[in-house]
Amino acid sequence: MNRATRLNPLDDAAPWQVSDVLVGLPPRVRERRDGGCAVHRVAEKGPVSAALENEEGFAFVTMGLGWDPEALRWLGGKPDIDLNAAALLFTGDSIADVVYHEQLASQDGAVRLLGDNTTGEGEGDDELITVDLTRLPPTVTTVCFVITSYTGQPFGQIQNAFCRLIDGMSNTEFARYELDGGRGSTGFVMGKLFRSAQGLWLYQPIAETIQAKHPVEAVHQLAPYLP
Ligand SMILES: [Ca+2]
Ligand SMILES: [Ca+2]
């Protein structure tokens, strides 16, 4: 794997040099640019600071999630691996709506999960969530993107697990997280889109692991990232 596109939020031994890190970014989340895509990785613990993408604001964003089944699983009776992408909508710090495998669209239709993949079979994105920020009601102030392992395997046991965000206006990937570490974590908080004081939708990376096999279990764990 190309180191430039590698993200291992759980393994601080992953190769990373100070020279790779853009100067001036807040310490909580470090960032580097690679072909126009910001690749994020957790740095030291501390308060979350903004590292904003696209300061002109987003209008349409797609979240992609991919992973692969365990190799030779049919020989050893290994169970399927079912990861789930979720978008959690908040009004302030109160949950307003959730889009995930049991609810494929938000009430207003602005956020949609384009199908639940339960095995990870196939190349590329195995699950996609589309977000039309222009259609969200003004009461929705934050959209958090979360990955959970429904069948309980921690990310460290899952092959080729990644998640990413794509700007629908320019069709460019602006954030990617590769979950090739994992230890015992079953949940991952990618980041959040939020309304700025000027009314623009901006992106703030979070890149935190949590324990959550179901998006509902993640809700209370998102409190530190809400206003
Ligand atoms: Ca799934
Ligand atoms: Ca796959």
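Q: In strand 5, which residue is the bridge partner of Phe-90?
A: The bridge partner of Phe-90 in strand 5 is Ile-95. Strands here are DSSP runs of E with at least two residues, and helices are runs of H or I with at least four, both numbered from the N terminus. Two strands are said to pair if DSSP finds at least two bridges between them.

Q: Before we go on, what sort of model is this, and how are things labelled?
A: This is a predicted model, in which local features need pLDDT of at least 70, side-chain atom pairs count only at pLDDT 80 or more, and totals for chains, interfaces and linings use all residues. Residues are numbered from 1 along each chain as its sequence is written, while chains are lettered from A and ligands numbered from 1 in the order in which they are written.

Q: What is the mean pLDDT of the protein chain?
A: The mean is 79, and 72% of the residues reach 70 or more; pLDDT is the predictor's confidence in each residue, on a scale from 0 to 100.

Q: Where does pLDDT stay under 50?
A: Over residues 1-51, a stretch for which the model has 84 contacts beyond four places in sequence. A contact means that the C-beta atoms of two residues, placed from the backbone, lie within 7 Å.

Q: How many helices and strands are there?
A: The protein chain has 2 helices and 12 strands. Their order from the N terminus is β-β-β-α-β-β-β-β-β-β-β-β-β-α.

Q: Back to strand 4: which strands does it pair with?
A: Strand 4 runs antiparallel to strand 5 (residues 94-99), with 5 bridges between them. It is also joined by 8 bridges to strand 8 (residues 142-149), again antiparallel.

Q: In what order do the strands of the open sheet lie?
A: The sheet has 5 strands in the order 5-4-8-11-12, with antiparallel pairing. Strand 5 and strand 12 (201-210) are the edge strands, each pairing on one side only. The twist averages 20° from one strand to the next, with axes being lines fitted to C-alpha atoms (for helices over the stretch in contact) and angles running from 0 to 180 degrees between N-to-C directions.

Q: Is strand 4 enclosed or open?
A: Strand 4 (residues 83-91) is largely enclosed by the rest of the structure, because 8 of its 9 residues are buried. Buried means 20 or more other C-beta atoms within 10 Å of the residue's own, exposed means 12 or fewer, and partly exposed is in between, with C-beta atoms placed from the backbone. Strand 11 is mostly covered as well, with 8 of its 9 residues buried.

Q: Which residues touch the most others in the largest nonpolar core?
A: Met-63, Ala-87, Leu-88, Val-146 and Met-190, out of 49 residues in that core. Strand 4 gives the most to it, with 7 residues. A nonpolar core is a set of buried Ala, Val, Leu, Ile, Met, Phe, Trp, Tyr and Cys residues joined through C-beta atoms within 7 Å.

Q: What is Leu-88 in contact with?
A: Beyond its neighbours within four places in sequence, the contacts of Leu-88 include Ile-95, Val-98, Cys-144, Val-146 and Leu-222.

Q: New topic: which residues other than glycine have a positive phi?
A: Among them are Asn-171, at about 55°, and Ala-207, near 55°. Most residues other than glycine have a negative phi.

Q: Are those two buried or exposed?
A: Asn-171, in the loop between strand 9 (159-167) and strand 10 (172-178), is exposed, with 9 other C-beta atoms within 10 Å. Ala-207 is found in strand 12 and is buried, with 22 such atoms within 10 Å.
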